[in-house]
Amino acid sequence: MSTLMRGPLADPAWALIDIGTATVGVAERDALGTSARVAAWPPYNLARVLAIVDAELARLDQEASRFRADSEISAVHRTPGEVHIVSEGLAEAIAVALTAARWTGGLVDPTVGGALESLGYDRDFAAIHPVAVPPKRALVPGWQSVRLDGRRLRLAAGSRLDLGATAKGLGSDRAASAAIAAISGGGVLVSLGGDIAVAGEAPSGGWPVRVADEQEPESSAAARGRRGGERAPGQVVRLAAGALATSSITCRQWRRGGRMLHHIVDPRTGLPAAGPWRTVSLAAANCAEANAAATAAIVAGDRAPEWLAGHGLPARLVDHDGGLRRVAGWPAAEGGLVEAPTVPRMPAGPRDAG
C-alpha cells in the first residue's frame, strides 16, 4: 500500500493499516482522547489527506478541549464575567451544540460540563482512577442559559460547557470536507472514535464500516431466551454517503464511591443516563447530527426507537442484555448498505443560538 503513496506520512504518529487491498490507503493514530482513522482512495491521496486531518484535529482540540489548560474553552471557563468573545471556530462548535440541544429537546445539552466534573470526569479519560469518594450530583444550567450572537458568547456564572455530544462529529465533518476540497477526485473517510464522515466518491459498493458493541454478548441459548431478542455481535455495513456515529456507555466507564459511572449524562438529572440502551449506532446526513442523535437516543431511553424512526434515521440499538433492535431501514444483512438521509434533520441554527 505504501508504495502507492506520494510523499511521507504527515506525522509519524500515523500508522499505516493493512486492510488487504491496495486500492485504499488507511492510517490510524491516537487523537482527541480517542483513535482517529482515515481512509483515502486512490491511496496516493493519503499523505495529503492526513496532513489536512492533522490540521483540523489540532484546531478542534485547541478550540474545544476541556482537558487542555491552554484550550480556548478552558480559557473561557476560567475568565471572570459572563460575556466572552470567542473565535469563529469555537463559535461554530458551540452553535452546533446549541442547535443539537434544541433539536433533541434538551436530550443533549452542552452545559453538562459541571455535572461531568462532579461525577469525576474532570480530566482526560486515561487519567481517571477509581476513588472512594461518592459522586456528587450537580445541577445542569440548561442550554437555554447560553447566548451566542456571532462570536459573542454569554454564559451564566459558573457554567461549564462540554461539547462531547457533537464535537467529534463536527471534527470528522470538518476534516472530511477540507480533505476532499484539497484533492482531485476519489474519496475520503474520517473516523474519530467511530464517528465517521465520508466525502467525495465512495469505493465501489460503499465504504465498509464495522459497528460493534463494546461488550461481548452472552452466548448461551438460555441467555438469549431471557432477552427475548437477537444477539448483538459486530456488523459490517457499507456507507456510500453521509455519516455514521456510535454512542455507547460501555467504552468510558469509571468507578467512584463503589459505583460504576459512564460519560453520557442525562441533562434532566445531572447523572449518567439510565435507559435501556448501552450502544446506539445510526446514520445521518452529517456526522455532527449523527453524533448528537446517537447520544440523544441513549438518554431518551424507551422513546428512542420512535424518535429515531420519526426523523428517518437508520439505527441499530443494543440493550443492556445484548438484545438488538433496528429501526428506519438499518440493514439486517452483513455488508448491507446503510442509506443515510441526504438532507439534514437537525436544522442549521442561527448564530444567535441562545
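Q: Why is A328 called partly exposed?
A: In this predicted model, A328 has a relative accessible area of 36%.

Q: What makes the phi of A328 worth a remark, and where is A328 found?
A: Phi of A328 is near 55 degrees, a positive value in a residue other than glycine. Most residues other than glycine have a negative phi. A328 is found in the loop between β18 and β19 (336-338).

Q: Why is L32 called partly exposed?
A: The relative accessibility of L32 is 29%. Buried would require a value under 20% and exposed a value over 50%, so L32 counts as partly exposed. L32 is found in the loop between β2 and β3, and its phi is near 55 degrees, a positive value in a residue other than glycine.

Q: Why does R278 count as buried?
A: R278 has 2% relative accessibility. Buried means under 20%, so R278 counts as buried. R278 lies in strand β16 (residues 277-284). The C-alpha atoms of R278 and D321 are separated by 8.8 Å, and the two residues are 43 residues apart along the chain.

Q: What share of the chain is buried?
A: Of the 354 residues in the chain, 52% are buried.

Q: How do you know which peptide bond is cis, and where does P42 sit?
A: Omega from W41 to P42 is near -5 degrees, and this peptide bond is cis. Most peptide bonds are trans. P42 sits in the loop between β3 and α1.

Q: What makes α5 roughly antiparallel to α7?
A: Two packed helices are described by the angle between their axes and the distance between the axes. Helix α5 (residues 167-182) and helix α7 (residues 287-300) have axes that cross at roughly 160 degrees and come within 7 Å. Angles over 145 degrees count as roughly antiparallel, so α5 is roughly antiparallel to α7. The crossing of α5 past α7 is right-handed.

Q: Which residues of α5 and α7 meet?
A: From α5 there are A167, K168, G169, L170, S172 and D173, and these meet C287, A288 and N291 in α7. By class, the residues of this contact of α5 with α7 divide into four nonpolar, three polar and two charged.

Q: How do the axes of α1 and α5 cross?
A: The axes of helix α1 (residues 46-64) and α5 cross at roughly 145 degrees and come within 9 Å. α1 passes α5 in a right-handed crossing.

Q: Which residues make the contact of α1 with α5?
A: R48, V49, I52, V53, E56, R59, L60 and E63 in α1 meet A167, G171, R174, A175, A178, A179 and A182 in α5. The contact of α1 with α5 has nine nonpolar, one polar and five charged residues.

Q: Why are β4 and β5 said to stand at the edges of their sheet?
A: Three strands form this open sheet in the order β4-β6-β5, with antiparallel pairing. β4 (83-85) and β5 (147-149) each have a single partner strand, so one side of each is left without a neighbour in the sheet. Neighbouring strands of this sheet are turned by 20 degrees against each other on average, direction ignored.

Q: How do you know that β5 and β6 pair?
A: The two strands share three bridges in the antiparallel sense, β6 being residues 152-154. Pairing takes at least two bridges, so β5 and β6 pair. R147 stands opposite R154 in β6.

Q: What makes β1 and β18 the edge strands of the sheet of nine strands?
A: This open sheet has the order β1-β2-β3-β7-β8-β11-β16-β17-β18, and the pairing is antiparallel. The strands β1 (15-16) and β18 (324-327) each pair on one side only.

Q: How many bridges join β8 and β11?
A: Strand β8 (residues 195-200) and strand β11 (residues 243-248) pair in the antiparallel sense over two bridges. Since pairing takes at least two bridges, these strands count as paired. A197 stands opposite A243 in β11.

Conventions
Residues numbered from 1 in each chain as written. Predicted model: local features only at pLDDT ≥ 70, side-chain atom pairs only at ≥ 80, totals over all residues. Heavy atoms only, no water. Helix = DSSP H or I, 4+ residues; strand = E, 2+ residues; numbered from the N terminus. Axes fitted to C-alpha atoms, helices over the stretch in contact; angles between N-to-C directions. Parallel < 35°, antiparallel > 145°, perpendicular 65-115°, else oblique. Left-handed = near helix turned anticlockwise from the far one by under 90°. Contact = heavy atoms within 4.5 Å. Nonpolar A, V, L, I, M, F, W, Y, C, P; charged D, E, K, R; others polar. Buried < 20%, exposed > 50% of the residue type's maximum accessible area, 1.4 Å probe, protein only.
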